[in-house]
Amino acid sequence: MTLPGFITAIDFETTSINNPRATEIGLVALDLNLEPVATYETVINPGKPVNKRSLGVSRLSMEQINSAKPFSAYWPAIHPFINNRILVAHNAQFDNRILTTEFARLGYSFEKEIVCTVELSKKLLPDLPSYSLGKLVRSLGI
């Protein structure tokens, strides 16, 4: 499958902040006008325990996570959203770490830069008191 445009927004939910594994992925492919053309979201079984705080943030249950498949099972659906596309994420360093970890488990290296909306926001809007996603969208009226 080939998706129009060349940008994909990506977001992960994870097992924890330290040594994280993916528990959920969300992807939105954007066309040249930055309009969504395709989306993909799925719960992922990380094969390891999930921190209670992470469950609260993600709003996932252990039942949902335990009944999900591992990242590798979803790779065919995820691939078109990543292949030959610019990836964009809020706090991209974290999402990049998750992708690198999941790719390594598949036996591949992941060496793609991800555009960080936190860093862009700091450059474009240097006087904001916070760059958390919720506060940023409120300050922008989104």
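This is a predicted model: local features need pLDDT of at least 70, side-chain atom pairs count only at pLDDT 80 or more; totals for chains, interfaces and linings use all residues.

User: What does the radius of gyration say about the protein?

Analyst: The value is set against that of a compact globule, which for 142 residues would be near 14 Å; the protein has 16 Å, so the two agree. Along the principal axes, the C-alpha atoms fill a box of roughly 40 × 35 × 25 Å.

User: What share of the residues is buried, and what part of the contacts joins residues 24 or more positions apart?

Analyst: Counting as buried those residues under 20% relative accessible area, the share is 41% of the 142 residues. Of the contacts with a separation of 6 or more, 57% are between residues 24 or more positions apart. As for the surface, the protein exposes about 8,600 Å², of which carbon and sulfur atoms supply 54%.

User: How far apart are the mean positions of the positive and negative charges?

Analyst: For the 14 positive and 13 negative charges, the mean positions lie 7 Å apart.

User: In which sense do β2 and β3 pair?

Analyst: Strand β2, residues 22-30, pairs with strand β3, residues 36-43, in the antiparallel sense over 7 bridges, and G26 stands opposite E41 in β3. The hairpin of β2 and β3 has 5 residues between the strands, and L34 there takes a positive phi near 60°.

Methods
Residues are numbered from 1 along each chain as its sequence is written. Side-chain values use heavy atoms; hydrogens and water are left out. The radius of gyration is taken over C-alpha atoms; the globule rule is 2.2 Å times the number of residues to the power 0.38. Buried means under 20% relative accessible area, exposed over 50%, partly exposed in between (1.4 Å probe, protein chains only). Contact means heavy atoms within 4.5 Å. Accessible areas come from the Shrake-Rupley method with a 1.4 Å probe; for residues, only the protein chains shown count as cover. Lys and Arg count as positive and Asp and Glu as negative; His and the chain ends are not counted. The place of a charge is taken as NZ of Lys, CZ of Arg, CG of Asp or CD of Glu. Two strands pair if DSSP finds at least two bridges between them. Helices (H or I, at least four residues) and strands (E, at least two) are DSSP runs, numbered from the N terminus.
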